[in-house]
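Student: I have a structure open and some questions about it. Could we go through them one at a time?

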Amino acid sequence: MIGLSHYLIVSALIFSIGLMGVLRRRNLLMLFFATEVMLNAVNIAFAAISHYYNDLTGQMFAFFIIAIAASEVAVGLGLLIVLYKKYGTLDLDDLASMKG
Amino acid sequence: MENLVYIALFAPFVSSMFAALFGMSPRQTFVGIIASSLLFISFAASATLAFHVYSTGTAVHVTMMEWISAGDLTIPFGFLVDQVSVTMMTVVTLVSTVVHIYSIGYMDHDKSFNRFFSYLSAFVFSMMILVMSDNFAGLFIGWEGVGVCSWLLIGFWYHKADVTREENPSISPSWAANEAFIVNRIADLGMLVGIFIIYWNVGSLQYDVVFADLPNLSSSVLNAAALALFIGAMGKSAQFPLHTWLTDAMEGPTPVSALIHAATMVTAGVFLVIRANPIFSMTPEVSFFIAALGTFVAFFAASMALVNRDLKRIIAFSTLSQLGYMFAAAGLGAYWIALFHLAAHAFFKALLFLGAGNVMHAMDDELDIFKMGGLKKAMRWTWGYMGLASLALAGIFPFAGFFSKDAIIETAFNEGTYVLWAVLVLTAGMTAFYSFRQVFLTFHGDERYKEAGIHPHEMYKFVLIGMAPLAILAVIAGFFMGGFQTFVTKLLPDYVMSDHTHHLVLWLTLIVSAFAVGGIFLAYRKYYKGLKRDMELENSFIYKLLANQYYIPNFYEAFITKPYAMLSEMMWKDVDMKIVDATVDGIAKFLYKSGDSSRKMQTGNLSNYLNWMAVGAVLLLVIAAISAMLG
């Protein structure tokens with residue numbers, strides 16, 4: 001039987017994968033993917049816990065996150081395109097212009 | 001009547017504010033004229049009030065508004081016009097009016113003419129608050145206001161540079177102003193402590209409440225309050241050992257000296273003792289101390305005046321001496337006599353100073369009487385005024401000083417304090433000697449000013465006429481003594497001589513007069529014909545001691561000013577710089593360094609920032625976990 005903890009473990013694993021991506025990747029596009037992965041990991045956890053408690057609020061929240069993630073991607077990708085057109089690269093090591 | 005009180009009080013204030021409007025602009029005669037008129041209005045209101053109080057025998061008490069109201073403490077802006085304060089108001093405004101008119105002539109060539117009138121009127125306003133307030137807090141406000149205005153006026157010619165003490169004993173106007181202010185600050189602390197003691201024990205600062213509650217207080221509290229208040233009075237009235245500022249205050253323009261000495265400042269201390277007489281009458285030890293100190297100062301100041309060569313300083317020492325007389329009378333319980341001497345003294349002392357101002361004006365600001373002589377020819381009016389004032393000061397019948405000073409000396413005899421009596425009689429002789437030494441050296445004898453190529457000239461006519469009221473009062477004020485006594489003793493405790501003294505009064509008067517006439521005669525013998533300097537005498541130890549004011553200024557400088565400056569420097573360099581400043585600097589340096597090193601985090605690389613963010617998130621998680629486990 002697949003219980004809550006299985007879902008949460010899967011969610012934690014996916015979240016960690018996303019986090020590793022955020023930490024290790026240098027390409028902005030990949031960073032975006034990694035954050036999406038993290039968001040979806042959280043969605044899984046929300047849906048699972050919601051089902052566990054028989055409370056729909058968590059699932060509603062997951063929908064909200066999907067909607068926001070979609071719009072965020074739309075805006076973010078637009079910015080990435082502009083950035084690429086301007087600098088010809090999406091590598092963060094080459095984009096470091098605000099050095100303290 | 002209420003309106004008159006406000007007019008008397010606020011006319012000088014309006015005058016000050018009006019003159020201040022033109023403070024930065026060049027000399028405008030109308031400023032002086034309007035200021036003088038407003039002062040005259042104040043005088044007229046005061047005189048009307050005096051007549052009202054005299055005829056009805058009741059005091060006018062007004063409360064303008066609540067001033068401080070906090071918890072149990074309520075201090076209103078209340079003004080009390082009774083027999084004592086109305087006497088002071090009339091004297092103050094009369095002398096001030098004359099001084100204002102005089103200043104129009106005297107400050108004629110000064111570029112800060114308008115500013116001068118602004119300060120002068122503010123001075124009078126402060127003094128009016130001081131005398132009219134119906135509580136100790138208002139008195140203190142006036143007290144401090146007088147201090148500030150004296151600082152402004154003594155240092156009026158602040159641009160003059162400091163010189164050595166040998167060249168000018170008061171160093172410079174700004175130095176003298178600071179000295180006056182600081183010495184008064186020391187005394188004001190005593191005054192403040194006295195006010196606190198009263199409030200602590202009575203719970204009010206209103207005169208009537210405080211005085212009604214006095215019988216319930218223990219004698220130690222009363223003694224402490226009386227002593228602390230008297231320390232305040234010692235500062236303002238320049239009693240030993242806080243007297244040095246008074247002669248140095250001569251650095252101010254001469255009308256200021258007249259105002260300080262006759263009306264607006266030094267009399268404040270005597271006024272305080274008279275005003276708080278219920279406290280002082282219940283503390284005989286403190287009162288006797290006041291009398292003894294007053295007598296000592298009378299003699300001490302007169303001795304310094306004997307040899308001084310500076311015209312204004314001689315008059316300043318005579319003020320000091322006369323203040324000593326007033327304190328002697330007040331300390332012996334003869335408050336009304338002290339107040340009478342205060343009023344009489346105000347008239348002739350103001351006249352003396354204004355006369356000295358005329359001489360200064362004529363002599364191109366030369367003050368050394370050894371360089372004058374024979375000025376009578378050029379300055380008849382001034383000679384007359386100064387002569388009259390000196391006769392009054394010396395206590396010659398029938399001038400004002402005769403009656404008031406004689407009454408004080410009789411009081412000392414009546415109280416059985418024969419030592420004080422003897423010293424006061426001797427001082428009366430010395431007073432006569434130095435006053436006439438100054439008159440003869442200035443106005444008679446050989447014309448020594450010619451060597452310096454000075455062409456003396458008489459003061460403007462309107463100034464001389466303006467001085468006339470003072471001259472008249474210096475002559476006739478004494479005849480109002482009886483009326484004055486019945487007037488003020490409605491409020492002040494009466495003081496009458498015992499029968500024993502009464503029998504001897506003629507003899508006592510004769511003795512005092514003999515000393516006074518003897519002093520004048522001695523001065524006549526020595527100085528009338530001209531100045532013959534006796535170098536042997538001038539080089540003697542006593543002469544030098546007196547001429548250097550008993551070396552007290554030097555003593556203060558060596559044992560108080562310099563060690564204090566050294567201590568301050570040590571505090572600055574060792575304590576402030578090395579501990580306080582170093583701590584503050586250390587904190588700043590630490591923050592600066594830590595910022596410098598953590599700046600390296602800011603690489604501009606988004607990836608690094610994300611890593612830091614993750615570190616932060618993990619850190620927060622760890623903290624949350626730990627606190628969850630502990631909680």
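Student: Which residues does G466(B) touch, not counting residues up to four places away in sequence?

Tutor: This is a predicted model, so every value here is computed from it. G466(B) sits in helix 19 of chain B, residues 461-466. Leaving out residues up to four places away in sequence, its contacts are V98(B), I101(B) and Y102(B).

Student: Is G466(B) buried or exposed?

Tutor: Count the C-beta neighbours inside 10 Å: G466(B) has 22. The cut-off for burial is 20 or more. Therefore G466(B) counts as buried.

Student: What distance separates the C-alpha atoms of G466(B) and V183(B)?

Tutor: Along the chain, the two residues are 283 residues apart. V183(B) belongs to the part of helix 6 of chain B that contacts helix 8 of chain B. The C-alpha separation between G466(B) and V183(B) is 34 Å.

Student: How are helix 6 and helix 8 of chain B oriented to each other?

Tutor: Helix 6 of chain B spans residues 173-202, and its axis comes within 7 Å of the axis of helix 8 of chain B. The two axes cross at roughly 155 degrees. Angles over 145 degrees count as roughly antiparallel. So helix 6 of chain B is, relative to helix 8 of chain B, roughly antiparallel.

Student: What is the handedness of the crossing of helix 6 and helix 8 of chain B?

Tutor: Take helix 6 of chain B as it passes helix 8 of chain B. The crossing is left-handed.

Student: How do the residues of that contact divide into nonpolar, polar and charged?

Tutor: From helix 6 of chain B, the contact residues include I186(B), A187(B), D188(B) and G190(B). Helix 8 of chain B brings residues including A224(B), A228(B), G232(B) and K236(B). The contact divides into 14 nonpolar, six polar and two charged.

Student: Where in chain B is P398(B), which has a cis peptide bond from F397(B)?

Tutor: The bond from F397(B) to P398(B) has omega near 0 degrees, and it is cis.

Student: Which residue is joined to P241(B) by a cis peptide bond?

Tutor: P241(B) lies in the loop between helix 8 (219-236) and helix 9 (244-248) of chain B. Omega of its cis bond is about 5 degrees. The partner is F240(B).

Student: N54(A) has a positive phi. Is N54(A) buried or exposed?

Tutor: Phi of N54(A) is near 60 degrees, and the residue is not glycine. N54(A) lies in the loop between helix 2 (28-53) and helix 3 (57-87) of chain A. It has 6 other C-beta atoms within 10 Å, so N54(A) is exposed.

Student: Q549(B) also has a positive phi. Is Q549(B) buried or exposed?

Tutor: Phi of Q549(B) is near 55 degrees. The residue lies in the loop between helix 24 (541-547) and helix 25 (552-598) of chain B. With 21 other C-beta atoms within 10 Å, Q549(B) is buried.

Student: How many residues of chain B are in contact with chain A?

Tutor: Chain A puts eleven residues into the contact. Its side has six nonpolar, two polar and three charged residues. On the side of chain B, the number is ten.

Definitions and conventions: Residues numbered from 1 in each chain as written. Chains lettered and ligands numbered in written order. Predicted model: local features only at pLDDT ≥ 70, side-chain atom pairs only at ≥ 80, totals over all residues. Helix = DSSP H or I, 4+ residues; strand = E, 2+ residues; numbered from the N terminus. Buried ≥ 20, exposed ≤ 12 C-beta atoms within 10 Å, placed from the backbone. Axes fitted to C-alpha atoms, helices over the stretch in contact; angles between N-to-C directions. Parallel < 35°, antiparallel > 145°, perpendicular 65-115°, else oblique. Left-handed = near helix turned anticlockwise from the far one by under 90°. Contact = placed C-beta atoms within 7 Å. Nonpolar A, V, L, I, M, F, W, Y, C, P; charged D, E, K, R; others polar.
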